[in-house]
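We'll take a walk through it, one stop at a time.

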Amino acid sequence: GFPGNPGLKGARGESALSYHSAFSVGLSELVPATNVPIRFNKFFYNDQHHYDDISGKFRCVLPGVYFFTYHLTVYTKDAKVSLFMNDKAIMFTFDQYQETNVDQASGSVILRLEAGDEVWLQVYGDDAFGGVYADNTNDSTFSGFLLYPAIPVSARRR
Amino acid sequence: GFPGNPGLKGARGESALSYHSAFSVGLSELVPATNVPIRFNKFFYNDQHHYDDISGKFRCVLPGVYFFTYHLTVYTKDAKVSLFMNDKAIMFTFDQYQETNVDQASGSVILRLEAGDEVWLQVYGDDAFGGVYADNTNDSTFSGFLLYPAIPVSARRR
Amino acid sequence: GFPGNPGLKGARGESALSYHSAFSVGLSELVPATNVPIRFNKFFYNDQHHYDDISGKFRCVLPGVYFFTYHLTVYTKDAKVSLFMNDKAIMFTFDQYQETNVDQASGSVILRLEAGDEVWLQVYGDDAFGGVYADNTNDSTFSGFLLYPAIPVSARRR
Ligand SMILES: [Ca+2]
Ligand SMILES: [Ca+2]
Ligand SMILES: [Ca+2]
């Protein structure tokens, strides 16, 4: 008989383009409280809403490898900041303040996160408030983005 | 009948690989002018030429989400720098200088850009020159890269 | 005759997802030696083992465009650090220390690397040790990641 019909066309290849997670937020004033997450309230980018301004935490929706970075204005007193991942402080930035010498401190880290993992910054120490400052000509910021999504095997085979 | 012809090979996966935009530039000396774009003149990477050393501006060719970061040597006087997006200062870094205490200041931000959008740094204030310094053992740099391209629907369906 | 067998499934699209290279490392104490690579010994992320804690160097396995960044605690004396690429210092960070004024210094750069290229940090100068410090509440870190892989034409056509 005649040859059969041609087979079905293959599935389209998987794409990295649809895995987006990024945020970039800032402060509008001195951090008012210590030992709780810093609630950034100025938004440069947060299209996926993975940074939650109520809790002050980034919450991982897409598992994968993330880059985080922060830049802090050190003013009024020493800046003591820790980056938390799921209730554990994993990185510390300390910068001493001296009168008439505003400083800048910064940090960055790459972390592998699972869905539901949370990452945030907080001022540590015994003082009621810390030296992480911001106003309309001094930014203090926190940014992060998904670098490499961890694609589940099911999606890879799709 | 005979087996059908093999199916067509699947369409090549839409790929992030061809969307490249990155620059990494530095200064060779003290910023000589205020309230105009800083013209970085040392090139670590600028393969796509999206940073223009004549204007001092990064000009977006590929729409999408970008990361920008800068690191400044604070020397001779206070450093006052703003990051502009299309003629609007959207981020500010201030670091005070004290004698014999060279400092470093830095910032970063994530922004969604359309083709034609421009991003740059400039020193603000009333002084004729600012405290953003560089020489052969002190770098001041500005870098940026496309994080997530905004792929037009037509390209997605191709 | 009967319909032929279905065609073969299409080849998977080329994907940026399988090109991963990232590291994020820190120090646990003051850098003990100058003019040799800083050996970071605290690991935030190094899944591909492209940062080698014996040599203190990142070694490029996947050719492409990389982003590197470092954040240093300046304490006990001035911090003088250079970023090397293949035995050439290409970037310098200098931050002066003054008593009771711990500072933070940072830098970042984008570089195009070939397989085998090495990138690392070292303290320069005549002193036996430098002012790059770390302890359990002061991090000094070095991170990097592959931004855009340089895909060989053979892989693109696959
Ligand atoms: Ca200062
Ligand atoms: Ca200093
Ligand atoms: Ca300080």
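This is a predicted model: local features need pLDDT of at least 70, side-chain atom pairs count only at pLDDT 80 or more; totals for chains, interfaces and linings use all residues.

Residues are numbered from 1 along each chain as its sequence is written, chains are lettered from A and ligands numbered from 1 in the order in which they are written, and side-chain values use heavy atoms, leaving out hydrogens and water.

Let's start at the calcium ion (ligand 1). A donor here is an N, O or S atom within 2.8 Å of the metal, or 3.2 Å for Na, K and Ca; water is not among the atoms, so sites may look incomplete. Chain A gives this ion Asn101(A) (OD1), Val102(A) (O) and Asp103(A) (OD), and chain B gives Asp95(B) (OD), Gln96(B) (O) and Asp103(B) (OD), at 2.2 to 2.5 Å. The pair Asp103(A) and Asp103(B) crosses between chains, going from strand β8 of chain A to strand β8 (residues 103-113) of chain B. Strands (E, at least two residues) and helices (H or I, at least four) are DSSP runs, numbered from the N terminus. Asp103(A) and Asp103(B) are both buried, where buried means under 20% relative accessible area, exposed over 50% and partly exposed in between (1.4 Å probe, protein chains only).

What geometry does the site of the calcium ion (ligand 1) have? It is irregular, with angles of 73 to 171 degrees among its 6 donor atoms. Six donors count as octahedral if opposite ones are over 155 degrees apart and all others between 65 and 115; four count as square planar by those limits, or as tetrahedral if all angles lie between 85 and 135 degrees, and anything else is irregular.

Next, the calcium ion (ligand 2). Its protein donors are Asn101(B) (OD1), Val102(B) (O) and Asp103(B) (OD), plus Asp95(C) (OD), Gln96(C) (O) and Asp103(C) (OD), again 2.2 to 2.5 Å away. Asp95(C) and Asp103(C) are both buried.

The calcium ion (ligand 3) is held by Asp95(A) (OD), Gln96(A) (O), Asp103(A) (OD), Asn101(C) (OD1), Val102(C) (O) and Asp103(C) (OD), at 2.2 to 2.5 Å. Here the 6 donor atoms subtend 73 to 172 degrees, so this site is irregular too. Asn101(C) sits in the loop between β7 and β8 of chain C and is buried, with a relative accessible area of 0%. Its contacts (heavy atoms within 4.5 Å) beyond four places in sequence include Asp95(A), Asn101(A) and Asn101(B).

Now the cysteines. With a disulfide taken as a pair of cysteine sulfur atoms within 2.5 Å, the count over all chains is 0. Cys60(A) is buried at 1% relative accessible area, and Cys60(B) is buried at 1% as well.

Last stop: strand β5 (residues 64-74) of chain B, where 11 of its 11 residues are buried. Strands pair if DSSP finds at least two bridges between them. β5(B) runs antiparallel to β8(B) over 11 bridges, with Val74(B) opposite Asp103(B). Another 8 bridges join β5(B) to the antiparallel strand β11 (residues 141-149) of chain B, where Phe67(B) partners Phe145(B). β5(B) also pairs in the antiparallel sense with strand β10 (residues 132-133) of chain B over 2 bridges, and there Thr73(B) partners Tyr133(B).
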